[in-house]
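Trainee: I am new to this structure. Please take me through one part closely, then connect that part to the rest.

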Amino acid sequence: MLAGAIFALSLTGLPVYGQSSSASSSSSPASSVAVTSVAVSSGASAVSSGATSSAAVSSSNTEATALTFSLTVTNPTAVPLASITANETSLPTIPLPSTATPGATNTFISGAPALPNPTSIVSSNYPTMDKVPPTDSDEVQQWIAEVAASGITIPNITQTVLGGCPANAEAAADTSRCWWSCTGCVRDTDVQECPDKLTWGLTYDDGPSFYTPNLLTYLTANELHATFFCVGSRGVQFPATLQEEFMAGHQVAVHTWSHPYLTTLTNEQIIAELGWTKKIMKDVTGVTPNMMRPPYGDIDDRVRNISIAMGLTPVMWTRMNATATFDTDDFDVHGGLASSYGVLNNWENIITHANEIDTGFIVLEHDLFEETVQLATGYILPSAMNQSFDIKPVISCLNKPMSDAYIETNDNSTNPPAASGAVTLSSGAPGSASATGAASNSNSNSGVGLKVSGTSTAFTLSGIFALVALFL
Ligand SMILES: [Zn+2]
């Protein structure tokens, strides 16, 4: 899949990080930046005026160059949509809203252990970043033995090859393997939505990154909390940011070590990917997450049961059918495969679908790139708050305390660990058992093109800090 290729390129060469690092280190403190109300009309007349764009509806997300609906609310300091592109100049990041103190305890979690010192994180103690870890290490061998002793049967399902459904016709036709990204199949152990209608289990994947502090500042200013599905390699790179996510009341969860398509890996490699991510997150936060999200949604019963055997409940994003997924496609803006307009058109479809279904929902977004954070803080979150969605982390949308999100602080009373075979994290919502859809690697909402008009409403930012540095 193209997204995978772009991701690999970005991380292999680290062009984003290298460029951003320079900008970050040379940036002025945010407090020195004048807060300017920036019109969002530039190149996005529909946003500022509330009028529906008259531009032709694009037939593809990747080609969308205009909004096909009106955003009723935007952040007045939002970066203009026309400027949120793959070619935009890398802008400075802002400092973390606060820095956690080693030894402090998380006030959102009863019984949380003392916070480790992030300076204790030494990259040489971990596998090479952004590569599938070797499986012959003592750590991985121990985790392999633990999975074997878990009592969870790992089905003998063949590995797939890169390329998704089109490249794996036989696997795609084998519905018994319950390959979510190919057929939409979910098991009762999967979380794919929140149980309560209009409740949004807010998630961000692939961080922490240089731009995560921008998002954290906005979330804090608006008293919002999210679930961050973290890449283990990024935890080594940004331990202080991961700590701040955790200490600020957000949920942190596993998103693998090197972001591979998990169904393409051996059992041992999957164990290494998940195990090292669990370990770095415990080393940084003091606790071990008990939720995971497979990169690209690439999970089948083999990956699923290995995850469960390792105490990790899979969390997907809401999927009504093959063409109505709750995926903003924000990731693809950075690679030039999607436009900011296309993302917001997808978001509008998500709003429509969220109002149609009987349950709450979970959306795929990312905190890896500046484009994705700009879209989240400038447009998607302001719009969501105006929709009166009840926005919370996944563990909270399941009506469980934050302490249930970690192996060490989960008291098992309302949330038995996945490996016990008595998983209760799943919402059990109607329709969650077996979403159906044609075998396809498409997970976009392209072509839906709903037109929705609305009344323009001024959005007042409750904090003045959001994204000010982005106008440097
Ligand atoms: Zn991801």
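Which residues of helix α4 (residues 138-148) are buried?

Mentor: First, the ground rules. This is a predicted model, where local features need pLDDT of at least 70, side-chain atom pairs count only at pLDDT 80 or more, and totals for chains, interfaces and linings use all residues. Residues are numbered from 1 along each chain as its sequence is written, and side-chain values use heavy atoms, with hydrogens and water left out.

Now the helix. The buried residues of α4 are V140, W143, I144 and V147. Buried means under 20% relative accessible area, exposed over 50%, and partly exposed in between (1.4 Å probe, protein chains only). Helices (H or I, at least four residues) and strands (E, at least two) are DSSP runs, numbered from the N terminus. Look down the axis of α4: its buried residues fall within an arc of 105°, so they line one face of the helix. That arc is taken from the directions from the helix axis to the C-beta atoms. The face turned away from the buried side carries the exposed residues D138 and A148.

What does the buried side of α4 pack against? Its partners are α11 (267-285) and α12 (301-309). Contact here means heavy atoms within 4.5 Å.

Follow α11 next. W276 sits in this helix, and Y126 sits in the loop between α3 (45-49) and α4. Y126 and W276 form an aromatic pair. Rings of Phe, Tyr and Trp (its six-membered ring) pair if their centres lie within 6.5 Å; planes under 30 degrees apart count as stacked, over 60 as edge-to-face and the rest as tilted. This pair is edge-to-face, at 6.1 Å centre to centre with 75° between the planes. Y126 and W276 are 150 residues apart, so to speak a link between distant parts of the chain. Both Y126 and W276 are buried. The whole structure holds 15 aromatic pairs. Ring pairs also link W200, F326, W347, F361 and F389 into a cluster.

Helix α11 matters to the core count too. The largest nonpolar core has 100 residues, and α11 gives the largest share of it, eight residues. A nonpolar core is a set of buried Ala, Val, Leu, Ile, Met, Phe, Trp, Tyr and Cys residues joined through side-chain atoms within 4.5 Å. W200, L344, W347, L381 and F389 touch the most other members. In soluble globular proteins, nonpolar side chains tend to be buried together.

Another core lies apart, with five residues, among them C165, A171, A172 and C182. Two of those names return in a disulfide: C165 is joined to C182, S to S 1.9 Å. A disulfide is a pair of cysteine sulfur atoms within 2.5 Å. C165 lies in helix α5 (residues 164-167) and C182 in helix α7 (residues 180-183), so the pair ties together parts that are 17 residues apart in sequence. C165 is buried at 6% relative accessibility, and C182 is buried at 0%.

By this rule there are three disulfides. C178 and C185 form one of them, with sulfur atoms 1.9 Å apart. Their link is left-handed, at -95° about the S-S bond. C178 is buried at 0% relative accessibility, and C185 at 12%.

C194 and C397 also form a disulfide, their sulfur atoms 2.1 Å apart. C194 lies in the loop between α7 and β1 (199-201) and C397 in helix α16 (residues 394-397), so this pair ties together parts that are 203 residues apart in sequence. The link is left-handed, at -85° about the S-S bond. C194 is buried at 0% and C397 at 1%. Counting bonded cysteines along the chain, the pattern is 1-3, 2-4, 5-6.

D206 lies in the loop between β2 (203-205) and α8 (212-221), and H259 in the loop between β4 (251-254) and α11, so the pair ties together parts that are 53 residues apart in sequence. Both D206 and H259 are buried.
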